[in-house]
Amino acid sequence: MKTHDLHKLFVDELADMYDSELQIIDSLPKLIKLASLKDLKDSLSKHLLETKNQAKRIKKIFTILGIPLNKKPCKAMQGIIHEAEEIIKNKPKSATLDAAIISAAQKVEHYEIASYGTLRSFANHLSLKGEIADLLQSNLNEEGTADKKLTKIADGTFFSSGVNSEAAKSQTASKRKPAASSSRTPKTASKAKTTTGRSTKARKASTATKDKTSPRTATKKTSTISKRSVKSPALSSRTRAKTTSTVTRARQPSALNHHASRSSSASKLKSLLSHGNKSSSKMKSGFAAGRK
Ligand SMILES: [Fe+2]
C-alpha cells in the first residue's frame with residue numbers, strides 16, 4: 001500500500017469517527033436519563049462533554065490537513081447504538097438496567113479505543129506526528145479513562161459493591177420467589193395425591209357398602225352424589241364420572257345378587273355334606289348288621 005493510499009484510509013477513518021462521535025452525542029442523553037445510579041449518570045454526563053470536545057478535535061485535524069470534512073456514516077456505530085437501544089428497551093429502572101447501560105457504553109468505548117489507536121498509529125507512520133497525533137492521543141486517553149470508570153462502576157471497588165453485583169443480587173432474589181412457590185407445588189401435589197388416595201379409599205369403602213345395600217339405598221346415594229356434583233364445581237368431571245360409574249355398577253342386578261349367589265352356593269355345599277354324612281351313617285349301620 002502506498003503512503004497516498006494510507007493517507008486516504010486515514011482520512012476516511014477520521015470521517016468515520018467524526019460521524020461516530022455525532023451519533024454518540026445524540027444517544028448519550030437517553031442513557032443518562034435512564035440510568036439510576038448517580039455515579040453512572042455523572043460519569044456519562046462528563047463523557048458527553050468530552051465527546052463533544054472529541055468531535056471538535058477531529059474537526060480541527062481536518063482543518064490542519066486542509067481538507068473539507070467529508071460526511072461518512074459509521075455503520076458500525078449505528079449497529080452498536082441500535083443494539084444498545086434493543087437491550088435497554090422495556091427495562092424498568094434498576095441495577096440490571098444500569099448494567100445494560102454500562103455494557104452498551106463500554107461497547108461504544110471499545111470501538112472508539114480501537115479506532116483512535118489505529119488513527120494515532122496511522123498518523124505516526126504518515127509523518128503526521130505533532131499536533132494531529134496529540135489530538136488523537138487526547139481522544140484515545142479520554143475514551144480509555146471513560147471505559148475504566150465504567151468498569152469500576154460495574155465491578156465496584158474495595159469500598160463499594162458494583163452495579164453488576166447489585167443486579168446479580170436482585171436476580172437471585174427474584175429467582176427465590178418462584179423457587180419458593182415451586183417448593184410449595186410438590187407439597188400441593190402430594191396433598192392432592194393424599195386427597196386422591198383418601199377419596200380412592202373412600203370410594204372403595206363406599207363401593208363395598210353399596211354392594212351390601214339395597215338398590216333403593218344405591219339410588220338414594222346416586223341422587224346425593226349428583227346433587228353434590230351440581231353444588232360443588234370443584235369436584236372434577238373425572239371424579240364425578242368415576243363415582244357415578246361405581247354407583248352404577250353397584251346398582252346393576254349382577255353386582256347386587258353376587259352376595260346372594262354366594263350364599264346359595266354355601267347352602268348347596270352344606271346340603272351335600274349333610275347328605276354325605278347320612279350315607280356314611282347308613283353304611284356304618286349296614287356293616288354292623290353284617291358282623292352280627
Ligand atoms: Fe467515547
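User: Is Lys59 buried, exposed or partly exposed, and why?
Analyst: Lys59 is partly exposed, because 13 other C-beta atoms lie within 10 Å; a residue is called buried at 20 or more such atoms within 10 Å of its own C-beta, exposed at 12 or fewer, and partly exposed in between, with C-beta atoms placed from the backbone. This is a predicted model, in which local features need pLDDT of at least 70 and side-chain atom pairs count only at pLDDT 80 or more, while totals for chains, interfaces and linings use all residues. Residues are numbered from 1 along each chain as its sequence is written.

User: Which helix is Lys59 in?
Analyst: Lys59 belongs to helix H2, where helices are DSSP runs (H or I, at least four residues) numbered from the N terminus.

User: How many residues are in the largest nonpolar core?
Analyst: That core has 25 residues, and Leu31, Ile101 and Ala104 are among those with the most contacts inside it; such a core is a set of buried Ala, Val, Leu, Ile, Met, Phe, Trp, Tyr and Cys residues joined through C-beta atoms within 7 Å.

User: Which helix gives the largest share of this core?
Analyst: H4 does, with nine residues.

User: What about confidence?
Analyst: The pLDDT, the predictor's confidence in each residue from 0 to 100, averages 75 for the protein, and 59% of the residues score at least 70. Over residues 180–263, however, the pLDDT is below 50.

Definitions and conventions
Helices (H or I, at least four residues) and strands (E, at least two) are DSSP runs, numbered from the N terminus. Two residues are in contact if their C-beta atoms, placed from the backbone, lie within 7 Å.
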